[in-house]
There are 2 protein chains.
Amino acid sequence: MQDTTPQTSRGDDTTRRIMDTAAEVFSEVGYAGARVDAIAKKANVNKAMIYYHIGDKKTLYTRVLHEHFGQAANRMRELLKQAQTPEEKIKTYIHYINQVMDENPSKAAIMMREMAGGGRSLPDVVVEDIATIIGSVVQIIDEGISQNRFHPVNPMCVHLMVIGALMCHKASRPIRQKLPHIADAMDQMAAMDHGDFVNGIETLILRSLTKQNTA
Amino acid sequence: MQDTTPQTSRGDDTTRRIMDTAAEVFSEVGYAGARVDAIAKKANVNKAMIYYHIGDKKTLYTRVLHEHFGQAANRMRELLKQAQTPEEKIKTYIHYINQVMDENPSKAAIMMREMAGGGRSLPDVVVEDIATIIGSVVQIIDEGISQNRFHPVNPMCVHLMVIGALMCHKASRPIRQKLPHIADAMDQMAAMDHGDFVNGIETLILRSLTKQNTA
DNA sequence: GGTTAAACTAACTGTTTAGTTAAACTAAAT
DNA sequence: ATTTAGTTTAACTAAACAGTTAGTTTAACC
């Protein structure tokens with residue numbers, strides 16, 4: 001039954017529900033494992049509506065990837081303009097990645113599945129975005145090294161430690177919840193929210209990069 | 001056509017081919033996305049042989065997880081016995097994880113998919129193994145802190161940085177190969193082999209953990 | 001009230017899928 | 001040569017699947 005509150009066209013509302021639900025399902029079982037019927041049922045729409053509003057399964061998946069990962073590099077570049085030192089830029093980068101992943105609970109899992117799949121389904125525009133983000137990390141690290149504030153380091157190690165830790169942390173919440181004895185063994189971790197985890201990552205990354213002689 | 005070289009029963013050879021191929025297919029598309037017909041075709045066996053030798057799809061997947069991830073904690077515990085200092089133990093731990101992932105190209109991708117899926121399909125014995133490994137990391141970090149050699153730190157940050165970086169590195173090779181301009185931008189990374197990457201991770205982890213006053 | 005375009009639906013199609021079965025084949029044992 | 005147990009196979013089943021269609025409903029417009 002349609003909600004009667006005034007809003008954009010009914011179609012827009014339907015499309016939103018389809019997109020959000022599709023992201024959830026794709027994050028749970030991946031593109032190949034996702035069932036259009038399952039997406040329709042979970043979104044509480046008739047399956048034909050998916051084809052009417054968006055298109056076939058592949059088109060739906062591509063739009064989900066665009067929506068979640070497109071433009072990520074542009075937004076990061078804007079934020080980096082406001083940071084002065086390499087240390088500040090690294091902080092900005094880490095917190096930005098964390099924020100992007102927190103925008104939607106499905107993002108981290110979809111990223112992990114795409115990575116596990118070798119990025120075969122990633123649209124070129126998303127791949128370019130990833131390349132631009134990595135390029136930014138390379139620039140920050142190079143700047144830090146050239147200013148003698150950072151140790152010489154492989155930027156890929158830094159990037160994958162950040163990306164990997166944050167993705168794994170967010171995607172593995174169900175595993176941690178499944179293991180109360182793990183939670184017991186690390187009770188301050190079990191109680192830890194996102195902010196603390198990303199601050200811990202930030203501390204470790206900066207400590208591993210930064211030379212001691214900097215103020 | 002059967003190979004005529006003397007070996008164990010033909011069934012053992014068939015089971016081996018099925019298990020290896022299943023691991024590949026599960027790593028490529030996940031459990032839900034894998035097709036039994038595709039596994040059979042790739043393993044060059046009739047589909048019914050999978051049911052005869054191993055069982056249904058879920059049984060096959062569970063055996064693949066056991067084979068790849070079972071016993072991992074025991075082997076690590078044995079190796080850790082030979083390390084003295086917390087620094088040595090951290091090194092042992094990082095290189096052991098790296099070695100486990102290198103045993104089979106499918107491992108990292110399967111781990112990532114399982115993590116992305118919240119570990120829903122993980123057999124309990126594998127989950128216990130993961131818990132034991134994490135417990136070991138907690139012990140090492142606690143030991144380092146209590147001996148005043150490590151900064152106070154969330155072991156989960158350390159563990160997920162190590163696991164995350166290594167998994168992402170191994171699983172993302174096809175993406176790096178897809179992007180020659182990324183390779184160009186980081187040509188020393190593009191040429192980097194496993195050893196250099198894990199050594200980079202080791203350096204960063206130790207530097208982020210270790211207090212400066214230690215020799 | 002009538003018209004129309006957009007949104008939505010139940011039922012459908014052809015294909016794909018996991019899993020099974022009866023029969024054939026193979027190699028070892030006699 | 002025959003028997004037997006283990007291995008393998010082609011063909012099959014019922015259900016699931018992506019995608020389509022003809023028709024209905026809804027809401028905006030006049």
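This is a predicted model: local features need pLDDT of at least 70, side-chain atom pairs count only at pLDDT 80 or more; totals for chains, interfaces and linings use all residues.
Biologist: How do you know what relation chain B has to chain A?

Modeller: Chain B is superposed on chain A by a rotation of 180 degrees with 0.0 Å of shift along the axis, at an RMSD of 0.1 Å. That is the relation of a two-fold axis.

Biologist: What makes you say that the copies meet through the same surface?

Modeller: Of the interface residues of chain B, 100% are also interface residues in chain A, so the same surface is used by the copies.

Biologist: Why is the pair of B:Thr14 and DNA strand D called a polar contact?

Modeller: The cut-off for a pair of N or O atoms is 3.5 Å. A polar side-chain atom of B:Thr14 is 2.9 Å from a phosphate oxygen of DNA strand D, so the pair counts as a polar contact.

Biologist: What part of A:Lys57 lies 2.9 Å from a phosphate oxygen of DNA strand D?

Modeller: A polar backbone atom of A:Lys57 does.

Biologist: Which element gives the most to the surface near DNA strand D?

Modeller: Helix 3 of chain B does, with four residues. The residues of that surface comprise seven nonpolar, six polar and seven charged.

Note on methods: Residues are numbered from 1 along each chain as its sequence is written. Chains are lettered from A and ligands numbered from 1 in the order in which they are written. Side-chain values use heavy atoms; hydrogens and water are left out. Copies are superposed by least squares on the C-alpha atoms of residues with pLDDT of at least 70 in both. Contact means heavy atoms within 4.5 Å. A polar contact is a pair of N or O atoms within 3.5 Å; within protein, one must be able to donate a hydrogen and the other to accept it, and residues adjacent in sequence count only if both atoms are side-chain atoms. Helices (H or I, at least four residues) and strands (E, at least two) are DSSP runs, numbered from the N terminus. Ala, Val, Leu, Ile, Met, Phe, Trp, Tyr, Cys and Pro count as nonpolar, Asp, Glu, Lys and Arg as charged, and the others, Gly among them, as polar.
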